[in-house]
Amino acid sequence: MRPEPRRRPTARQQVLLGDLEVLFLAEGFAAFTLDDLAGRLRCSKSTLYALAPSKEQLAVRVVTGFFRGAAERIEERIAGIDDARKLIGEYLAGVAEHLNRASAAFMRDLAEFGPAREAYQLNSRFAARRLRQFIDKGVADGVFRDVHARLVAEMTGLIIEGIQTGVLGGRTDVSDAEAFTALGELLLGGLNK
């Protein structure tokens, strides 16, 4: 038996998902119960159950929506940019801006809840692939030194993984947003001719 396809959210549900995103980014999501959320959003629990069958699945839906929306807005931000240096700078600035909206509580809950962490990991892998494309483009266009683009991209991917897993933040006491800003500076400083 195949699951029913997910219906497009109604206008009211889209508003609730947006409100949940704002709430989760500010305060995290692990400590909330569905009763808490219903009270904060002034809706019924059945309204929340219409969004997802459990609090955990609701958290995953909101987190996934946050990262999907961030990725879409970042892609819109870089649309039409042809210079690889500007692509990398704008792309990582966009990542930093979106992560800057996330509180320490949100990032902690994200790290501790596997299904939500997977959404962040998926987004991080996508970012690493996009950066590799930008590096390849810069080398091909002659604006970056002729580097081993695949190696630089893989190292970038490892740095992104270190940011995403909290290892870099824990060792350096910087936020993920600050780490992505520093990654941009490192890449552009090391790749420019």
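At 55% relative accessibility, D82 falls in the exposed class (over 50% relative accessible area, against under 20% for buried and anything in between for partly exposed, using a 1.4 Å probe on protein chains only). This is a predicted model, with local features needing pLDDT of at least 70 and side-chain atom pairs counted only at pLDDT 80 or more, while totals for chains, interfaces and linings use all residues. Residues are numbered from 1 along each chain as its sequence is written, and side-chain values rest on heavy atoms, with hydrogens and water left out.

D82 pairs up with K137 in a salt bridge (a side-chain nitrogen of Lys or Arg within 4 Å of a carboxyl oxygen of Asp or Glu), the closest N and O atoms sitting 3.1 Å apart. That pair links distant parts of the chain, 55 residues apart: K137 is in helix 7, and D82 is in the loop between helix 4 and helix 5. Helices here are DSSP runs of H or I with at least four residues, numbered from the N terminus. K137 itself comes out as partly exposed, at 23%.

By the same rule, the salt bridge count comes to nine. Another of them joins E27 and R40, with 2.6 Å between the closest N and O atoms. E27 belongs to helix 1 (residues 11–27) and R40 to helix 2 (residues 34–41), so this one ties together parts that are 13 residues apart in sequence. Both ends are partly exposed: E27 has a relative accessible area of 38%, and R40 has 45%.

R85 and D83 also meet through their side chains, at 2.8 Å from N to O. R85 is partly exposed at 34%, and D83 is partly exposed at 21%.

Finally, P53 turns up in the loop between helix 3 (45–51) and helix 4. P53 is exposed, with a relative accessible area of 57%.

Conventions. Helix = DSSP H or I, 4+ residues; strand = E, 2+ residues; numbered from the N terminus.
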